[in-house]
Amino acid sequence: MRADQAERELISRDIEEYLARHERKDLLRFLTCGSVDDGKSTLIGRLLHDTHMVHEDTLAAATRDSKALGTQAGELDLAFLVDGLKSEREQGITIDVAFRYFTTAARKFIIADTPGHEQFTRNMATGASNCDLAILLVDARHGISVQTRRHAFITSLLGIGEIVLAVNKLDLITDSSGAFSQDRFNEIVRAFEEFSTRLPARNIRAIPMSALKGDNVVERSAQTPWYSGPTLLEHLETVPLGGHRNHVDFRFPVQWVNRPNLDFRGFAGTVASGCVKPGDRVMVLPSRRTTTVKQVVTFDGDLNEAHPPLSVTLTLADEVDCSRGDTLVHPGNEPHVSQDVSAMVVWMDDAAPLVPGKEYILKHGPHKTPASVVRIAHRVDVNTLDRSPAPALALNDIGEVAIRTSRPLVYDAYTRNRGTGAFILVDRLTNMTAGAGMLLDPSEADGGNWTSAPRATHLAPSAQVITPDERAKRLGQKPFTLLFTGLSGSGKSEVARAVERRLFDLGRFGAVIDGSALRSGMSRDLGFTKHERSENLRRGMELARAMNEVGLIVLASFTAPDASVRARARELVGGDRFALVHVSTPLDACRRRDPSGLYAAAARGSVKDVPGLDLDYETPTDADLALPMQEIGAGEAGVRAAVERVMAFLETRGALVR
Amino acid sequence: MDRARLSHLRELEAESIHIFREVAASFEKPVLLYSIGKDSAVLLQLAMKAFYPAKPPFPLLHVDTTWKFRDMYRFRDEYVAKELGLELLIHINQEGLAAGVNPITHGSRKHTDIMKTQGLRQALDKHGFDAAFGGARRDEEKSRAKERIFSFRDGQHRWDPRNQRPELWNIYNTEIHRAAGINRAAGTRGESIRVFPLSNWTELDVWQYIMLEKIPMVPLYFAAMRPVVYRGGVPIMVDDHRLPLEPGETPQMKMIRFRTLGCYPLSGAIESNATTLPEIIREMLETKLSERQGRVIDHDGAGSMEEKKKEGYF
């Protein structure tokens with residue numbers, strides 16, 4: 001029987017050689033997720049059984065249990081090798097995260113076995129947090145379920161880069177020749193791939209199997225002649241490891257200051273990411289003091305370098321102030337340091353929901369600080385991945401939140417660095433672990449820079465010496481911002497320019513801010529993703545506000561496809577001097593006009609994220625003025641008519657002073 | 001060293017060291033529960049590493065049932081206390097001792113409950129320990145597979161399998177309610193945490209680590225000629241005069257060793273010629289018996305370990 005036979009022979013022939021090989025094995029931690037009846041416990045039982053990791057008395061006990069309680073007509077029910085607690089055995093369900101261990105000639109494995117029911121999302125997140133790989137079990141009879149989608153999303157959220165789609169129970173769906181159905185397998189794989197395009201890219205390996213009969217788990221199946229990929233175990237033995245570890249950015253959260261006597265002062269901790277050597281310049285955060293690493297101390301002697309996940313003790317050349325919760329980094333490669341952070345949170349407390357304003361204890365590595373949720377940006381529907389506003393996050397809800405901490409966090413985005421990007425929230429009253437958080441890069445956060453606090457908090461602006469009234473009297477106008485939104489080619493810039501001309505001719509001062517023009521200057525660092533579009537508009541609106549401050553009427557022309565981002569623009573400029581103008585032109589007409597050549601480029605496939613095409617344009621429902629260009633008219637006459645409507649609107653809003 | 005391929009033992013070692021430091025930094029009064037066996041030996045080695053060059057900043061506690069093998073007591077007193085120079089606390093349930101509780105007339109269940117479970121609770125309460133390290137591994141038994149690394153216990157030391165805290169990444173929730181001020185004076189007990197730094201180690205890992213690190217061990221793990229009687233087919237070592245012999249029963253000298261060590265009348269030996277660590281490991285890998293079978297307590301009924309844990313047994 002396979003390689004383990006050779007292992008056994010080696011054990012009896014040359015135990016020292018076996019141990020030498022075993023010592024060099026690496027460790028894969030993986031997660032199994034599936035619904036109650038997908039056959040998860042059976043799959044794990046099968047892995048343990050077929051790799052000979054089950055002792056005979058355990059097997060005997062499971063066989064006895066199978067006869068009394070089993071579902072396999074008195075045959076050995078492999079699930080009984082796995083299901084642990086008494087109440088679970090009686091209910092026939094696994095109710096918690098359980099860890100299993102097995103070894104093959106290639107590797108050592110730790111399985112985090114997590115349940116699939118709806119109410120236990122938290123257990124899955126728990127199991128997933130330390131894993132490199134996840135096996136998503138799918139019952140071939142039912143295909144991709146709501147649960148599968150949920151599991152795919154949670155594993156993606158927790159940063160697992162390797163997914164095995166285990167299409168199980170294919171022995172129940174066979175083709176005319178009695179082989180497992182290839183069509184059914186392909187159908188399920190396609191459905192999964194379609195769904196997972198909405199998730200960050202990961203490696204997906206689909207395997208047709210029957211855990212009950214043992215097909216393609218450890219032994220290759222004779223029932224899948226059309227499948228040439230690896231069996232599950234072969235895949236587990238060869239998949240690359242440590243994909244979630246960051247070897248670039250050195251981060252060393254200090255856990256313990258070791259001071260046995262006056263001659264030794266060491267900073268003990270686990271290298272969260274990157275690498276450190278004696279002689280490295282290091283900076284203590286958040287204090288920003290710098291020094292040099294003297295030694296990397298361990299019980300087994302000093303090291304030439306340390307990398308994750310080693311637990312070491314660093315001594316430093318200078319007596320810098322550094323204590324538990326501080327982080328050592330390389331100067332020039334610094335993480336974010338902030339009291340205002342955004343994070344995805346999985347809520348785990350069944351006693352109380354997450355509500356804005358409530359104070360929790362936030363634990364981030366060895367650092368602990370009081371923290372409160374300022375705002376829930378949105379909740380994610382784990383079945384559809386849709387985002388929606390939410391007043392609170394209940395048990396098993398997942399959402400993006402903005403958090404303010406009492407002391408600054410030294411962190412990286414979770415997607416970049418698991419070691420410094422994760423935290424837990426602890427309820428101050430019950431001490432329960434209430435939430436698990438994954439920090440976002442400030443630019444990825446829902447609010448982006450719209451809601452982030454300024455880095456500089458100690459500055460006070462100089463006082464105004466000209467009053468708004470004085471300005472209004474001089475200019476004959478009151479400051480106002482019109483945000484023209486619409487698809488590319490809808491005519492919004494032309495209208496804005498024509499309004500600017502009209503104001504000028506009347507002796508007033510308008511100023512156009514053109515979203516595309518910003519991109520060659522102050523927004524030259526931005527592309528066209530949702531976040532970057534949002535940031536471009538934010539910069540435009542900051543500019544509008546500054547122009548309003550000096551009394552100008554601003555005519556801002558931006559596609560601004562997101563309703564929530566437009567709402568932020570209104571908030572930033574100030575509702576009483578802001579109006580949203582929707583320049584609406586049917587997509588077909590925009591395409592025909594295509595003044596910037598955008599639609600032509602999209603048709604060639606050279607650009608993506610085009611609003612109206614592959615990016616949603618959310619039609620405004622809160623426009624203060626609508627300009628349906630097709631009704632108003634085409635060409636110059638149309639633009640002139642639109643200008644009249646805008647001028648009339650400005651008049652009614654009191655922007656033009658006689 | 002190849003960065004992506006840290007050996008699994010070094011990875012487990014790093015994880016355990018991280019846990020030790022986290023507890024030392026977060027709790028007022030931790031203690032290491034030392035049972036003299038192989039898991040305790042590894043636990044101790046890891047504690048020494050975690051705080052090197054300092055000594056572990058907490059004492060060791062041995063809850064003594066008075067029925068351990070004489071070799072175990074010798075090892076405890078000579079190696080741990082004298083050679084390593086660590087602070088070693090020994091607690092014996094004096095009420096149990098006075099009542100003459102023993103594994104022979106009271107049976108394994110009662111003896112373990114009174115001398116071990118209650119003894120442990122007494123010792124924890126007496127010293128006011130708020131965190132206790134134990135050497136339990138998840139691969140030992142099915143109910144332990146679900147135990148957290150930081151296992152929360154209420155004021156009565158009880159474990160509630162349905163009320164466990166989720167444990168993510170290597171971030172441990174160390175918050176507990178401490179009985180403070182007047183309540184503490186009035187004898188109200190605070191909550192505590194049991195911590196299992198070896199959670200992710202397997203029996204093979206433990207043995208291999210002992211070999212790699214050359215960790216000193218109680219000689220009973222190695223085969224030698226020892227006097228035994230057979231009880232239910234299992235060799236029981238006649239370690240002292242307290243083991244009553246059946247009429248006509250005489251101890252025989254057999255080449256035996258122990259896979260796990262507990263109270264000697266409750267510890268079944270195995271016949272073996274394994275006198276070196278590699279031989280022990282080979283025997284362990286080849287054996288078809290699961291590790292805890294040698295201990296009598298687990299056969300009290302399905303899920304008996306689980307019942308004991310709810311009552312505060314480790």
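Which element gives the most to the lining of the largest cavity? Before the answer, a word on the model: this is a predicted model, in which local features need pLDDT of at least 70 and side-chain atom pairs count only at pLDDT 80 or more, while totals for chains, interfaces and linings use all residues. Residues are numbered from 1 along each chain as its sequence is written, chains are lettered from A and ligands numbered from 1 in the order in which they are written, and side-chain values use heavy atoms, with hydrogens and water left out.

The element in question is α1(B), which contributes five residues to the lining of the largest cavity; helices (H or I, at least four residues) and strands (E, at least two) are DSSP runs numbered from the N terminus. On a 1 Å grid over the protein atoms alone, a cavity is a set of points where a 1.4 Å probe fits but cannot get out, a pocket is an open set with protein on both sides within 12 Å along at least five of seven lines, and lining residues have an atom within 4 Å of a point. Grid points are joined across faces, edges and corners, and a volume is the space filled by probe spheres set on the points.

The structure holds nine cavities of 30 Å³ or more, and the largest cavity contains about 920 Å³ of space. It is lined by 46 residues, and those closest to its centre are A:N130, A:R245, A:P309, B:W169 and B:N170. At least two lining residues come from each of β1, β3, α6, β7 (251-261) and α10 of chain A and from α1 (8-26) of chain B. By residue type, this lining divides into 20 nonpolar, 15 polar and 11 charged, where Ala, Val, Leu, Ile, Met, Phe, Trp, Tyr, Cys and Pro count as nonpolar, Asp, Glu, Lys and Arg as charged, and the others, Gly among them, as polar.

Turning to open spaces, the second largest pocket contains about 1,300 Å³, and A:S156, A:R198, A:L199, A:P200 and A:T415 lie nearest its centre among 39 lining residues. Because domain 1 (2-238) and domain 3 (336-445) of chain A both give residues to its lining, this pocket lies between them; the domain bounds come from an automatic or database domain assignment. The most is given by α7(A), with three residues.

Chain A has 20 helices and 24 strands, and 56% of its 658 residues are buried, where buried means under 20% relative accessible area, exposed over 50% and partly exposed in between (1.4 Å probe, protein chains only). Helix α6 (residues 121-128) of chain A is largely enclosed by the rest of the structure, because eight of its eight residues are buried. These residues pack against β1 (26-33), β3 (107-114), α7, β13 (336-347), β17 (398-411) and α10 (418-421) of chain A. By contrast, A:H142, in the loop between β4 (133-139) and α7 of chain A, counts as exposed at 58% relative accessibility.

Finally, there are zero disulfides over all chains, a disulfide being a pair of cysteine sulfur atoms within 2.5 Å. The sulfur of A:C33 is 8.8 Å from the closest cysteine sulfur, that of A:C131, and is therefore too far for a bond. A:C33 is buried at 0% relative accessibility, and A:C131 is buried at 3%.

Notes
Contact means heavy atoms within 4.5 Å.
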